[in-house]
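Biologist: I should like to learn how to read a structure of this kind. May we go through its features one by one?

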Amino acid sequence: MTTEAAESVEAAGVAPAADPGFLQRTGASIEYILIPGAALVGALAVFGGFVALYGKNPLDLYFYMYYGAFGTAFSWQNTLTRAAPLILTALCTALPAQLGMVIIGGEGALLIGALSATSAALALQGAAPIVVQTAMVIAGMIGGGLWITLSGGLRQYRGVNETISSLLLVYIALAILNHLVEGPMRDPASLNKPSTREIGAANMIGSIPGTDVHWGLVFGLVAAVAAYVLIYHTTFGFAARVAGGNIRAAKIVGLSVGKLILTVCFLAGSCAGLAGMIEVAAVQGRTNANLAAGYGFTGILVAFLARQNPLAIIPVAILLGGISASGGLLQRRLGLPDASVLVLQGIIFVFVLASDALYGRIGFLKGKS
Amino acid sequence: MADASLGLWTVPLAVFGGAIRVSTPFLFVSLGECITERSGRINLGLEGTLVMGAMSAYGISYLSGSPWLGVLAAGITGALFGALHAGICSLPRVNDIAVGIALMLLGTGLAFFLGKPLIEPTAARLPAIDFGWWSDVPQLRAALRINVLFLIGVAIAPLLYWAFKATRWGLLIRTAGESADAARAMGHSVLLIRLRATMVGGFLAGIGGSFLSLFYPGSWNEGLSSGQGITAVALVIFARWDPMLCLWASLAFGGAAALGPALQSVGITSGYHLFNAAPYILTLAIMIITCSPKRTLTGAPAELSITR
């Protein structure tokens with residue numbers, strides 16, 4: 001049973017939580033920075049080689065990636081704007097991971113959240129902006145939350161694998177969005193790109209004063225910190241981690257595993273739904289197919305790279321937001337296809353997973369602890 | 001016009017023809033995944049393999065002028081992706097589901113990257129055999145224009161069924177899938193068996209991709225596969241890891257996927273996107289009906305992480 005428990009924790013890539021001693025804890029935490037860092041460097045090196053085969057100078061590549069992501073105030077703003085939804089969609093994978101579940105349907109919850117938030121805003125036209133915005137947040141979170149709860153419920157009550165069901169639900173969400181946007185909810189004035197009506201300029205959530213970064217970033221930061229507190233500093237989070245480690249033990253001590261799964265899935269989905277609401281209320285102003293920009297899928301990578309730790313998700317989301325922000329520059333200056341960001345993300349993902357084998361095996365870190 | 005004389009019969013006919021055409025990638029991916037899962041590992045990355053296969057088949061067919069060379073290239077690409085999956089999974093403490101997700105992203109990204117220059121040109125396509133020569137009804141003739149790959153897929157299913165049952169090779173794969181310890185005790189390397197099974201699985205999935213770009217829809221673009229790969233992986237679970245059931249299930253899914261375009265062809269366009277989601281809804285519905293939280297599925301390989 002114990003090995004099974006350890007396996008199911010590792011299956012979700014969760015860092016083992018209990019640390020016997022302080023020294024060991026420091027040793028472990030150095031490991032958690034060093035190994036993903038090395039994986040990242042390895043991935044960048046392989047990507048550089050790949051680009052060199054394509055006939056471009058890898059040094060140019062690294063320079064433009066840095067410049068496009070963190071080189072100027074403008075690129076920083078671009079990076080942070082992209083990091084906001086990534087934090088939230090990463091939480092959609094990281095929260096269920098505490099229970100040993102692998103949810104990869106954040107993209108679907110994002111789309112449903114965006115649709116719900118837009119519907120709320122359109123229904124409340126004329127109300128005070130703060131009322132509309134609050135309603136959008138609530139609607140987006142409930143919509144996204146229920147979408148992932150569906151996967152959690154199917155797993156709990158029907159034994160349907162949550163990884164596959166959550167991914168299938170992405171395609172179903174996309175179909176629903178396309179159907180509504182081209183049919184019942186279509187703004188007749190949107191000719192080339194079928195869209196819903198706009199939520200109205202007054203209802204948009206603006207930028208953080210002094211910057212061009214919208215308030216969505218703050219939403220993301222708050223959600224990540226709240227998730228961290230919930231998981232590591234509350235009884236609920238403790239119960240979730242117990243259930244993730246060993247379901248039978250959790251049942252023996254009387255935890256209601258079903259309720260835990262549903263609640264955690266709802267919270268996870270509501271994070272991704274909030275990301276959808278932010279994309280509507282801060283960027284697009286309406287719902288259309290542009291929303292399926294892959295934030296949900298990149299969020300999976302963010303969660304795994306952060307080893308499912310909500311606080312670690314913040315810097316990782318900024319890093320990957322930076323990579324996607326630099327995509328445009330790579331296209332313009334180096335003539336690389338826009339998919340190069342996807343390739344790099346894939347390579348990073350592979351390296352990060354392969355590096356899982358290294359934990360507890362690096363000699364000089366062992367000596368320290 | 002024949003169209004008028006057929007009336008509503010156009011829809012079932014189009015669904016029938018569609019079932020044969022659309023089911024081929026489902027068939028190849030599910031048979032490939034069936035082999036991999038029987039060996040005790042799940043490869044969710046076949047979605048990426050499918051797209052990579054479609055891209056490389058189109059590229060090689062365009063450059064060489066021979067679509068069959070393209071099919072071969074797609075298979076080899078798929079086998080390489082399978083080897084990558086198996087290689088990473090054989091490292092200690094690496095989770096096969098997560099690796100599959102990573103390869104799904106990598107495969108799609110790589111295919112879009114390398115396939116950028118292939119969107120414009122037209123490659124040589126795979127030929128079809130005209131089984132409807134005796135008929136005067138154009139819709140029926142269209143439905144009966146069947147690709148050779150489909151026939152190959154249909155032939156592989158019983159072959160695989162027999163191989164699992166009656167050959168040493170099949171027994172080894174099943175042993176690795178049911179009990180890694182037993183396979184080890186027999187003196188076989190489980191990792192090697194799984195590597196081969198995943199490579200063969202990737203080979204078949206790559207060929208499934210070549211069908212997408214070289215026959216139906218028959219061009220390369222970035223929206224070519226939207227979840228056919230992952231649907232096929234789910235389909236294996238529904239088919240209880242039985243190659244023959246994979247065949248029937250693929251046909252059913254092909255029919256479901258053909259429903260949207262078939263209805264559109266008779267002028268029913270409302271709900272087009274919802275009909276296009278039919279295969280995913282069907283997959284989900286079938287999984288809900290056939291799965292159970294209380295017992296593991298009959299026929300499930302015991303070593304498979306997904307049925308834990």
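Modeller: Let us begin with a single residue. With 24 C-beta neighbours inside 10 Å, Trp241(B) counts as buried. Trp241(B) lies in the loop between α11 and α12 (243-265) of chain B. Please keep in mind throughout that this is a predicted model.

Biologist: What is the phi of Trp241(B), a residue that is not a glycine?

Modeller: The general idea comes first. Most residues other than glycine have a negative phi, and most peptide bonds are trans. Trp241(B), however, has a positive phi of about 60°. In chain A, Arg307(A) also has a positive phi, near 50°, and is not a glycine. Arg307(A) is found in the loop between α12 and α13 (310-325) of chain A. Because 21 other C-beta atoms lie within 10 Å, Arg307(A) is buried.

Biologist: Is the peptide bond from Tyr216(B) to Pro217(B) cis or trans?

Modeller: That bond is cis, with omega near 0°. Pro217(B) sits in the loop between α10 (190-214) and α11 of chain B.

Biologist: How should I read the confidence of the model?

Modeller: Where pLDDT is low, the predicted coordinates should not be read in detail. Chain A has a mean pLDDT of 89, with 91% of its residues at 70 or more. For chain B the mean is 88, and 96% of its residues reach 70 or more. For the complex, the predictor gives an ipTM of 0.90 and a pTM of 0.89.

Biologist: Where in chain A is the confidence lowest, and where is it highest?

Modeller: The lowest is in helix α1 (residues 2-11) of chain A, at a mean of 44, while the highest is in helix α5 (residues 106-123) of chain A, at 97. Over residues 1-13 of chain A the pLDDT stays under 50, and the model has 27 contacts for them beyond four places in sequence. Residues 15-20 of chain A also have a pLDDT below 50, with eight contacts in the model beyond near neighbours in sequence.

Biologist: Is Leu31(B) buried or exposed?

Modeller: A residue counts as buried if 20 or more other C-beta atoms lie within 10 Å of its own. Leu31(B) has 27 such atoms and is therefore buried. Its place is in helix α2 (residues 10-38) of chain B.

Biologist: Which residues does Leu31(B) touch, apart from those up to four places away in sequence?

Modeller: Leu31(B) touches Gly153(B), Ile156(B), Ala157(B), Leu160(B), Leu204(B), Pro243(B) and Cys246(B). Distance along the chain and distance in space are separate matters. Leu31(B) and Asp242(B) are 211 residues apart in sequence, yet 8.8 Å apart in space, C-alpha to C-alpha.

Biologist: How does one describe the packing of two helices?

Modeller: The axes of α5(A) and helix α11 (residues 257-284) of chain A come within 7 Å and cross at roughly 55°. The two helices are therefore oblique to each other, and their crossing is right-handed. Among the residues that make the contact are Gly106(A) and Ala109(A) of α5(A), and Gly269(A) and Ala272(A) of α11(A). The residues of this contact divide into twelve nonpolar, seven polar and one charged.

Biologist: At what angle do helix α9 (residues 235-245) of chain A and α11(A) cross?

Modeller: They cross at roughly 110°, and their axes come within 10 Å. α9(A) and α11(A) are therefore roughly perpendicular to each other, in a left-handed crossing. Ala239(A), Ala240(A) and Ala243(A) of α9(A) meet Val257(A), Leu260(A) and Val264(A) of α11(A). The residues of this contact are six nonpolar, no polar and no charged.

Biologist: How many residues of each chain are in contact with the other chain?

Modeller: There are 41 residues of chain A in contact with 42 residues of chain B. On the side of chain A, α7(A) gives the most, with eleven residues. That side divides into 25 nonpolar, twelve polar and four charged residues.

Biologist: Which residues of α7(A) meet α11(B)?

Modeller: Ile164(A), Leu167(A) and Leu168(A) of α7(A) meet Ile230(B), Val233(B) and Ala234(B) of α11(B). The residues of this contact are six nonpolar, no polar and no charged. α7(A) passes α11(B) in a left-handed crossing.

Note on methods: Residues are numbered from 1 along each chain as its sequence is written. Chains are lettered from A and ligands numbered from 1 in the order in which they are written. This is a predicted model: local features need pLDDT of at least 70, side-chain atom pairs count only at pLDDT 80 or more; totals for chains, interfaces and linings use all residues. pLDDT is the predictor's confidence in each residue, from 0 to 100. Helices (H or I, at least four residues) and strands (E, at least two) are DSSP runs, numbered from the N terminus. Two residues are in contact if their C-beta atoms, placed from the backbone, lie within 7 Å. Ala, Val, Leu, Ile, Met, Phe, Trp, Tyr, Cys and Pro count as nonpolar, Asp, Glu, Lys and Arg as charged, and the others, Gly among them, as polar. A residue is buried if 20 or more other C-beta atoms lie within 10 Å of its own, exposed if 12 or fewer, and partly exposed in between; C-beta atoms are placed from the backbone. Axes are lines fitted to C-alpha atoms, for helices over the stretch in contact, and angles run from 0 to 180 degrees between N-to-C directions. Angles under 35 degrees count as roughly parallel, over 145 as roughly antiparallel, 65 to 115 as roughly perpendicular and the rest as oblique. A crossing is left-handed if the near helix is turned anticlockwise from the far one by less than a right angle, and right-handed if clockwise.
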